Structures are given as C-alpha cells and as structure tokens.
Amino acid sequence: MNDHERIHNLLREGRITEEEAQILLGALRELEEASPQPHDFRPQTQQVPLGTLPPTLRWVRARLRNCSVEVKVNPRLQEPDIRGPVSVRDVGVELELDTDDEITDDVRVELPEGWGLELDVHGCDFEAEGLAWVTGRAHSCSVELERVQGVDLELNSCDFEATLKLNQGEHRLVMASTDAEIELCGSSVKVEGRIRGGDLDPRGPFTLRGRDFKGQLGRGEAHLWIEHNQGDLTLEA
C-alpha cells in the first residue's frame, strides 16, 4: 500500500477529516514533485539508501492522535513501561500502540535500551529523550527530540526542535510547512540537504549554494539528508 492509499483509507475509516486528507495529499504531491524520483528525497548525485535502520533494535510502533506523548529511555527496565489512554498489542517482538477513543490523560512511555520508536502521530505534543532511533511521520504536531541517535522522519505542518547525536549510519528528515531547529552538537556527521520556500539559518560549518546546503561535523562518519519545503530551518553545530 502506498502513501496515497493509506491517506484514502484513513479518510474512509473516519480517522481523519476531508480537510486533513487534502492537506496530507497536497503535501505528499509537493514532496513527490520536488523529488528527482518517487520517494527519493536526495539530489540526483546521491546514491545512498534512505534512513538505514539498525537491524538489532526492537520497536514500539505508535499510532496516536490528539494527545500529549512523552517517551524516555530507562536503562533499568527490561521491558517497556507504557501508561495512559492507549491500547497495547504484542506483535512478535514488537509492540503496537493505538489511541483510545477518548483521551483523558497524557501518554507516558519508558523504554529499555535497545528499543526504537516508529511514529504515526497527528495533532500531538510529542517529546522523546535518549532514544536510539525515531522513525515515522507526524502531522500538525509539536515534536521535540533530545539526545536522539538516529532519525528517519517525515514532518508536515509541525514545530520541530531536535538535539541529535549522529555518529554512524544514514539519517533522513523530510519536512513540509515546518519550522525546525536542529542542533548536532557532539555529532560526527556529513549534512546535505535542500531548502525550498523558506530560510536557512546556518550556525556552524554549513554553506548554502542556491537551494542546496551542506556541511560536515567531525569526521563525518554519519550522513544526514534534509529536505525542507516551506518554513524556516536553523542548523547548529
């Protein structure tokens, strides 16, 4: 199932409104038109794979709507501790979370080390701290990441703040109609990206040439690709 079909399914199931569906479809079309090839968010000279996920992580897959979410790593835990108005299902070695019908409280998740988080969130205030990896998508959310070591995220109509420590692997951020502040202190990463319809505020060894920007921190052992459509972007070393 492709992204267009997923959006239409959510509309048919009543999980999103017609207006929300049109916003999502419009943003998806913008991303596809801006990309050299479908679902390829890098310049044509780039041949590296999208967001390479660590094969050893276990995953919590969270589909949440209209709630406040806080996720932290707790190295003392052996299994995830999940609290709040959500349903939890075991799917093999993974966990799936879904929003209950009525949100009356915040959602709190504590994960052991060695777990990653896959997001499908809408209308949420989301915070994550200390995670090995955060992947997925967010729409109309406030998203804050702190000391996160891996990302592969698509953000639409969000406010995004992140402190990332990237030292290995491939990472990706695709943002539309999103104001973003990204700090890469302590990273060894090569950064490449493209910005459209917004401003780049580079606070470090980053250079902008036309719509494309790039820079390197440390030895550049990790790689981060950023596609930014509409909104302001701050990059800080």
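Two strands count as paired if DSSP finds at least two bridges between them, and the strands themselves are DSSP runs of E with at least two residues, numbered from the N terminus. The model is predicted, so local features are given where pLDDT is at least 70 and side-chain atom pairs where it is 80 or more, whereas totals for chains, interfaces and linings use all residues. Residues are numbered from 1 along each chain as its sequence is written, and side-chain values use heavy atoms, with hydrogens and water left out.

## The open sheet

On these terms, 11 strands form an open sheet of mixed pairing, in the order β4-β5-β1-β7-β9-β11-β13-β19-β15-β18-β17. The edge strands, each of which pairs on one side only, are β4 (86-91) and β17 (206-209). The twist from one strand to the next averages 10 degrees, where axes are lines fitted to C-alpha atoms and angles run from 0 to 180 degrees between N-to-C directions.

Trp115 counts as buried because its relative accessibility is 4%, the classes being buried under 20% relative accessible area, exposed over 50% and partly exposed in between, computed with a 1.4 Å probe on protein chains only. The C-alpha atoms of Trp115 and Arg58 are 4.7 Å apart in space, although 57 residues separate the two in sequence.

## Strand β6 and its partners

In a regular strand the side chains alternate between the two faces of the sheet. Strand β6 (residues 107-111) has a covered face made up of Val107, Val109 and Leu111, and an uncovered face with Arg108 and Glu110. β6 pairs with β2 in the parallel sense over 5 bridges, and strand β3 (residues 81-83) is joined to β6 by 3 bridges in the antiparallel sense.

Which residues stand opposite Arg108 in β6? Glu70 stands opposite Arg108, and Arg83 stands opposite Arg108 as well.

## Salt bridges

Side chains of opposite charge can pair when their charged atoms come close. Here a salt bridge is a side-chain nitrogen of Lys or Arg within 4 Å of a carboxyl oxygen of Asp or Glu, and by this rule the count comes to 16. Three of these pairs are set out below.

| Salt bridge | N to O distance |
|---|---|
| Arg65 and Asp120 | 3.3 Å |
| Glu70 and Arg108 | 3.6 Å |
| Arg172 and Asp152 | 2.7 Å |

The salt bridge of Arg65 with Asp120, at 3.3 Å, ties together parts that are 55 residues apart in sequence, because Arg65 lies in strand β1 and Asp120 in strand β7. Arg65 counts as buried at 11% relative accessibility, whereas Asp120 is partly exposed, with a relative accessible area of 26%.

The salt bridge of Arg172 with Asp152, at 2.7 Å, connects strand β13, where Arg172 lies, with strand β11 (residues 151-156), where Asp152 lies, so the pair ties together parts that are 20 residues apart in sequence. Arg172 is buried, with a relative accessible area of 8%, and Asp152 counts as buried at 9%.

## Positive phi in two loops

Most residues other than glycine have a negative phi, and most peptide bonds are trans. Asn66, a residue other than glycine, has a positive phi near 55 degrees. Asn66 has its place in the loop between β1 (58-65) and β2 (68-73), and it counts as exposed because its relative accessibility is 53%.

Ser177 likewise has a positive phi, in this case near 50 degrees. Ser177 is found in the loop between β13 (169-176) and β14 (179-183), and its relative accessibility of 40% is why it counts as partly exposed.

How values were computed:
Helices (H or I, at least four residues) and strands (E, at least two) are DSSP runs, numbered from the N terminus.
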